[in-house]
Amino acid sequence: MANVENIVPGNADGDFFVDSRCIGCGNCRDLAPANFAKIAPYYAIVKQPDDSDELRQVFEALVCCPVGAVGSKQKHDMKAIVDSYPQEFGGGVYYLGFNSPYSAGGKSYFVKNADGNWMIDSPKFSPRLTKWVEGQGGLRYMFLTHRDDVAEADKYATAFGAKRIIHREELEAQKDSEIVLDGFDTVEPQSGFLIIPTPGHTEGHCMLLYNSKYLFTGDVFTSMLRFGDKLEVWDPYYCWSSWEEQLRSIEKLLRYDFEWTLPSHGRFVHLPAAEMKQALQACIERARDEKEPFVATPERINLFLRMIPALRDAGQPEYAMRMQGRLEEMQRRLAASST
Ligand SMILES: [Fe+2]
């Protein structure tokens, strides 16, 4: 439960607030964009809700905060909001809610399918969600977009006998995954489910396209809206492996039709397929103009520094070591540019 004693700077006066346990994941802003904003390093409620739509969105942000950092001074009955999750977009595709702190608050999804249900990345492992999944007929596959967002996938896989699908380059994060993807060709493991390798954010990052309509995008598209457009790529600072490769991966998406982009960290975007393609094209053109991401700055180095112990704690020492190598390269570049 959020504690009003630990309220962070930047909160607007009123009932709702964010406290210092905030991990800066931005899920509150994704769910209630009119009310939450980043006041680095935290998010804060910069505008109290002033109509019923905003109030519902703020409640959703409160319920879905992975660390319970969003709170209210007054008591509210949240049962209806809690019970509204998982929420269906249509076509048996759901946002599961209950984001996990183990994926820095990443979103996860569920596809109900006659040939076996799929989960995309992992929410908190909870009796409530396992019961819900059970009610849907269980779980056949868990698609893991990349190493950052596996969260508690192993527990869901064990509970339901599900097969985890992950790229070999990401395998360290779930070493005993049942299906390991090699290479970078698109594969269709089940009718209607297309796995599109999209390296760049991490070495083996992959997306999943379902029924040529729903694209589960992992960590590429964001809700930061730096350019105020419909579809935007995360700032290059959040591209861990290769900006150029990520750009090529996004260009590959132009071959496919889809109407929804469903990210791990970011907002849901729903557009007619033709409009989505235009938005994607515009997004690619802007990304081509972005500055070279490996420009070493103290801020970027600090960002990486904070990640390294967390990666080791998360059981990914090899990845932590690669990150360390990148950090040293940045430090060399910084030193060279200042002489
Ligand atoms: Fe990520």
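The structure is a predicted model, in which local features need pLDDT of at least 70 and side-chain atom pairs count only at pLDDT 80 or more, while totals for chains, interfaces and linings use all residues. Residues are numbered from 1 along each chain as its sequence is written, and side-chain values use heavy atoms, with hydrogens and water left out.

Along the principal axes, the C-alpha atoms of the protein chain fill a box of roughly 55 × 50 × 40 Å. The chain holds nine helices and 19 strands; helices (H or I, at least four residues) and strands (E, at least two) are DSSP runs, numbered from the N terminus. Of the contacts with a separation of 6 or more, 56% are between residues 24 or more positions apart, a contact meaning heavy atoms within 4.5 Å.

Of the 339 residues, 56% are buried. Buried means under 20% relative accessible area, exposed over 50%, and partly exposed in between (1.4 Å probe, protein chains only). The protein chain exposes about 14,800 Å², and carbon and sulfur atoms supply 52% of that area. Accessible areas come from the Shrake-Rupley method with a 1.4 Å probe; for residues, only the protein chains shown count as cover.

The next topic is charge. There are 38 positive and 48 negative charges, and their mean positions are 2 Å apart. Lys and Arg count as positive and Asp and Glu as negative, without His and the chain ends; each charge is placed at NZ of Lys, CZ of Arg, CG of Asp or CD of Glu. The model has 17 salt bridges, each a side-chain nitrogen of Lys or Arg within 4 Å of a carboxyl oxygen of Asp or Glu. One of them links Asp 19 to Arg 21 at 3.2 Å, N to O. Asp 19 is buried, because its relative accessibility is 1%, whereas Arg 21 is partly exposed at 33%. Another salt bridge joins Asp 50 and Lys 47 at 3.4 Å, N to O; Asp 50 is exposed at 57% relative accessibility, and Lys 47 is partly exposed at 29%. Arg 29, Asp 30 and Lys 107 form one network of salt bridges that share partners. Within it, the closest N and O atoms of Asp 30 and Arg 29 are 3.3 Å apart. Asp 30 is buried at 12%, and Arg 29 is buried at 11%.

His 201 lies in the loop between β13 (193-197) and β14 (206-210). With 3% relative accessibility, His 201 is buried. Leaving aside residues up to four places away in sequence, His 201 touches residues including His 146, Asp 148, Asp 219 and Trp 240.

Some backbone details remain. Most residues other than glycine have a negative phi, and most peptide bonds are trans. Tyr 85 and Pro 86, however, are joined by a cis peptide bond with omega about -10°, and Pro 86 is in the loop between α3 (79-83) and β5 (87-90). Ala 104 has a positive phi near 55°; this residue is in the loop between β6 (93-95) and β7 (109-111). Ser 212 has a positive phi near 50° and is in the loop between β14 and β15 (214-218).
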